[in-house]
Structures are given as C-alpha cells and as structure tokens.
Amino acid sequence: MKVLVTGASGYIGQHTLRPLLDNGCEVYALARRREVDFEWPRGVHVITLDLFDDAARRKAFAEISAEWLLHLAWYAEHGKFWEAKENIAWLALSIRILGEFAQYGGRRVVVSGTCAEYRWNAEPCREASTPLEPRSLYGICKATLFKFLQAAAAPLGLSYAWGRVFLLYGSSESEGRLIPATARALLEGRPALCTHGQQIRDFLHVEDVARALVRILTSGVSGPVNIGSGEPISIAQAVSELARRAGRMHLLRLGALPPREDDVPILIPDIARLRDEVGFRPALTLAEGLQKTLAWWEDRLGSVEQQKSESAS
C-alpha cells in the first residue's frame, strides 16, 4: 500500500515510518522541512511540503495517489496548543485534506485524536459510552474533526479509524512536559519539582503510540480506538521510577508544586478495543520506556556540553 503520513517529522510521526516500512508499505512522508534531528529511514519518500499551500498539497496528493493516509499533523506547541487559534486553522485544513485524499483515490484513513475530547469524570474513558465534552479549544477542534469524519467517511468512500491518544512520553518530547522536565533536572543534578503526584494516569512510550497507530491503520478496525498502556499508575510512582533509574532519588521533590486547579484525579483509557480488536500490545514496559528516555536525555545533554566545551576552546 502507498501510505501518506502528514506530520511525518513530528513527535509521533517520525516513529511511525519504520513500522510502516516493516509492514511492507510504500511510505510518503510529508514534512515542512527535510532537515530534522533524526535520520529518515531508508526507503521513505520524503516530500517537503507546507500543507497550507493548497496548490502544492493537491499536486502532491494527485501525483502520489495513495491508498492509505495517516494524518498526524496539527499545531502542538507545548503550553500554547490548548487554546491556540491555530487549532481552528488545522481543523479547516484537515477537512480539506480528508476530502482531497478521497478525491485522489484514497481508501482508508487513520487520524490521531486525543483524550482531551472526552468528559473527564474520574472513570476510565470508553469509546462507546464516555461523552465527548472537551474543555479546551484543542479538544473541541479534534472532536469536531472526529464527528465530521464519522459522518463523511461513507459519502467520501473511506474506511476510517480514530486513535485517541492518552499520555505519551519519550525521546524528542517538549522539555516543559512532566517526564522530560523531571529527567533533565535529575540528570543535571537539580531538584526535580513535582506536585503531590497522586493523580492517576496512563503512560505509553511514543514509539508504542506510533506502533499502535500503524497497527490500527493496517487492521481495518473502524471508529474510535483509545491508545494507552492499560496500566494506570500514579504520577508519583512514575517520577519515582525515573528518579530511581537515574540514581537520584534524593533530588525528587514530591509536593513541591501545587496541583493545577483544573487537574483531574484520574485520567485513564479503557483499551479493550486496542487490545482485543486491533490486537496491539506495547513493546515497552514503563520501566523500559523511562530507561530509554533517560538514555536519550543523557546523550542530548552530553552533546550540548561537548559543543560548549569546543566553543570555549
């Protein structure tokens, strides 16, 4: 199958390319720039494209004429994306992308959604029964795109699935987020400040999130599918495991920060569809994923220090 991947150089997108190749797909990676801080897998067709350039986008879609689409591109700047006006632009663009993909021979699409579409009511979020009541502009726009695709898929002649991603972590994650901020502080020998950490969450390594999306795409399963590990854990347990693996438990400061006013005590998915219908199992345990994340940050911080040393000399 020819597969188009939007957002291919992004946090999740870059990790979908190898699994797609391993599934025998002919992969066309759409990215705003070709120069990235990772190595494009051999065999991937990298196409530099601004998706907001209507003429260039239509030309690329027509020339490639892909059967499958993995639509991951969206505005995702940490700390800003929740209420950013860019969400509205990406909603409108995504509707155009889905229509054009179908127009040029597309047959199946999988879109990355978010747990922010759900009502957060301290119970496991279930695809069939938990209401979609997003509280942020980001969640509203994602939920609106889902409802559009749900209604338009049949008229457009598309098979579709919607992967609702819960809490992911791993290499290349924005430094301001929980796991990288904690890992960096620990590795730099600084106190790692955290809230009380009693919030219950579901963490899944970004590589497994990418594998899950690819598995959904190739499975033929339709409709919404939650993407998570299925192993709820407290934030305190997660960051404590990170500190233990860094050998710096003495730097972890649980309770040093107040919880956010809008923080919810429990945010976890029911992953029965992902497990039983899609047949997906994570490749990495939380401990393995955290160790891999620490190793990535050690390499990155080591490279930064080396560059500083070379500049000084």
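**Reading the cysteines, the sheet and the cores**

A: In this predicted model, the sulfur of Cys115 lies 7.1 Å from the closest cysteine sulfur, which belongs to Cys125, and that is too far for a bond. A disulfide needs two cysteine sulfur atoms within 2.5 Å, and by this rule the count comes to 0 disulfides.

Q: Which cysteine sulfur is closest to that of Cys141, and how far away is it?
A: The closest one is in Cys115, at 16 Å, so this pair too is too far apart for a bond.

Q: Do Cys115 and Cys141 count as buried or exposed?
A: The general idea is to compare the relative accessible area with a cut-off, and a residue under 20% is called buried. Cys115 counts as buried because its relative accessibility is 6%, and Cys141 counts as buried because its value is 4%.

Q: How many bridges join S5 and S6, and how many join S6 to S11?
A: S5 (residues 108-114) pairs with S6 in the parallel sense over 7 bridges, and Thr114 stands opposite Val165 in S6. S6 and S11, which also run parallel, are joined by 5 bridges, with Asn226 in S11 as the bridge partner of Arg164.

Q: Which residues have the most contacts inside the largest nonpolar core?
A: In soluble globular proteins, nonpolar side chains tend to be buried together. The largest nonpolar core here has 38 residues, and those with the most contacts inside it are Val5 and Leu20. Among the elements that give two or more residues to this core are strand S1 (2-6), helix H1 (13-22) and helix H6 (206-219), and H6 provides the largest share, 8 residues.

Q: What does Leu20 touch, leaving aside residues up to four places away in sequence?
A: Leu20 touches Val3, Val5, Cys25, Val27, Leu70, Val214 and Leu217. Apart from this core lies another, of 34 residues, including Leu51, Ile97, Ala102 and Tyr138.

Key:
Residues are numbered from 1 along each chain as its sequence is written. This is a predicted model: local features need pLDDT of at least 70, side-chain atom pairs count only at pLDDT 80 or more; totals for chains, interfaces and linings use all residues. Side-chain values use heavy atoms; hydrogens and water are left out. A nonpolar core is a set of buried Ala, Val, Leu, Ile, Met, Phe, Trp, Tyr and Cys residues joined through side-chain atoms within 4.5 Å. Buried means under 20% relative accessible area, exposed over 50%, partly exposed in between (1.4 Å probe, protein chains only). Helices (H or I, at least four residues) and strands (E, at least two) are DSSP runs, numbered from the N terminus. Contact means heavy atoms within 4.5 Å. Two strands pair if DSSP finds at least two bridges between them.
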